[in-house]
Amino acid sequence: MWEGMAALATGIATAKLILCGEHAVVYGEPAISVPFNQAIVKTDVTEAAETSFSSAFFEGSLDEMPTFLAGIKEITELILKKLGSQSVKIEVMSDVPIGRGLGSSAAVAASIIRGLYAYFEEPLSEKVLLDWVNQSEKIAHGKPSGVDAVTVVTGKPVWFEKNKSLELIHFNQKAHFVVADTGIPSETRSAVFDVGNLLQENPQLYQPMIVKLGNISREIKKYFETDLDVVQVGLLMTEAQGLLEKLTVSDASLEKLILAALKNGAAGAKLTGGGRGGCMISLVKNQENARKVADALQQEGAARVWIFTIGEDNQ
């Protein structure tokens with residue numbers, strides 16, 4: 001080994017969940033995003049004869065990486081050029097399903113960056129990490145809001161508004177959620193593009209929906225930071241889902257699971273992330289209710305279900 005390099009280095013990052021504000025956040029409205037610790041990406045970096053990449057979705061040299069990994073490819077090449085020319089093997093192990101609105105691309109990028117900096121034993125500030133992840137996200141998604149990158153990098157619940165100072169949220173009480181994967185990949189880029197077209201074609205109809213989604217985020221934030229009223233927050237989440245349906249970013253796979261959650265006692269439910277497939281999230285009163293909703297979602301055909309709690313020691 002060269003001096004100043006680790007024999008084996010590891011970088012870890014968690015997924016993220018948007019509780020409210022998706023799509024509206026692209027247009028300056030606020031969103032609430034939280035780290036999703038049930039889904040983790042781990043990257044091991046080791047010495048190798050030639051630089052290669054290994055994962056569940058691609059294995060081979062950097063030169064051969066497919067287009068959908070263009071963001072990862074570019075930042076990896078730039079970091080290797082910056083930190084050292086030695087060849088390495090980058091092995092990514094991820095629990096985060098791809099294309100489900102859980103921030104897979106941001107989490108993979110963050111884990112790789114952390115692994116590479118650790119391997120070359122170089123300090124990595126949060127700002128530098130965020131800059132790298134944002135660069136990768138812009139290549140992957142075209143016009144990302146930036147919320148995925150911020151949540152993954154900070155590992156904290158985030159109140160996010162574009163071009164404004166980052167604000168972390170403290171959840172005053174525990175909140176219980178059930179998250180379900182439709183099993184259908186969500187294409188964030190096309191969903192964002194289509195919402196943009198709707199706003200251009202009929203701003204009088206669709207702009208108020210964007211503003212309303214932002215106001216729902218503001219109302220939900222107040223409940224989380226003071227006295228959590230599960231019923232009221234649930235109603236706000238379901239109202240947001242109705243607006244997202246009008247913005248054409250929901251679909252039958254999501255709505256089937258959302259209906260199943262509501263029928264089985266969830267206080268509210270909505271899509272999370274880009275929509276049109278991907279994942280949904282429901283708010284429940286307690287762990288007992290969570291198990292009932294989770295069972296119903298599995299019976300309804302969800303590809304995967306997670307019970308998720310945030311608040312107090314889950315900050």
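User: What is the strand order in the open sheet of 4 strands?
Analyst: This is a predicted model. In that open sheet the strands come in the order 9-10-8-11, and the pairing is antiparallel.

User: Which are the edge strands?
Analyst: Strand 9 (268-272) and strand 11 (304-310). Each of these two pairs on one side only.

User: How are neighbouring strands of this sheet turned against each other?
Analyst: By 25° on average, with direction ignored.

User: And how many bridges join strand 8 to strand 10?
Analyst: There are 6, between residues 175-181 of strand 8 and residues 279-284 of strand 10. The two run antiparallel.

User: Switching topic. What does strand 2 pair with?
Analyst: Strand 1 (residues 8-20) is one partner of strand 2 (residues 31-47), antiparallel over 12 bridges. There, Cys20 has Ile32 of strand 2 as its bridge partner. Strand 5 (residues 88-94) is joined to strand 2 by 7 bridges, also running antiparallel.

User: Which residue is the bridge partner of Lys42?
Analyst: Met93, in strand 5.

User: What about strand 6, how many bridges join it to strand 2?
Analyst: 3 bridges, and the strands run antiparallel. Strand 6 covers residues 158-160. In strand 6, Phe160 stands opposite Ala31.

Definitions and conventions
Residues are numbered from 1 along each chain as its sequence is written. This is a predicted model: local features need pLDDT of at least 70, side-chain atom pairs count only at pLDDT 80 or more; totals for chains, interfaces and linings use all residues. Side-chain values use heavy atoms; hydrogens and water are left out. Two strands pair if DSSP finds at least two bridges between them. Axes are lines fitted to C-alpha atoms, for helices over the stretch in contact, and angles run from 0 to 180 degrees between N-to-C directions.
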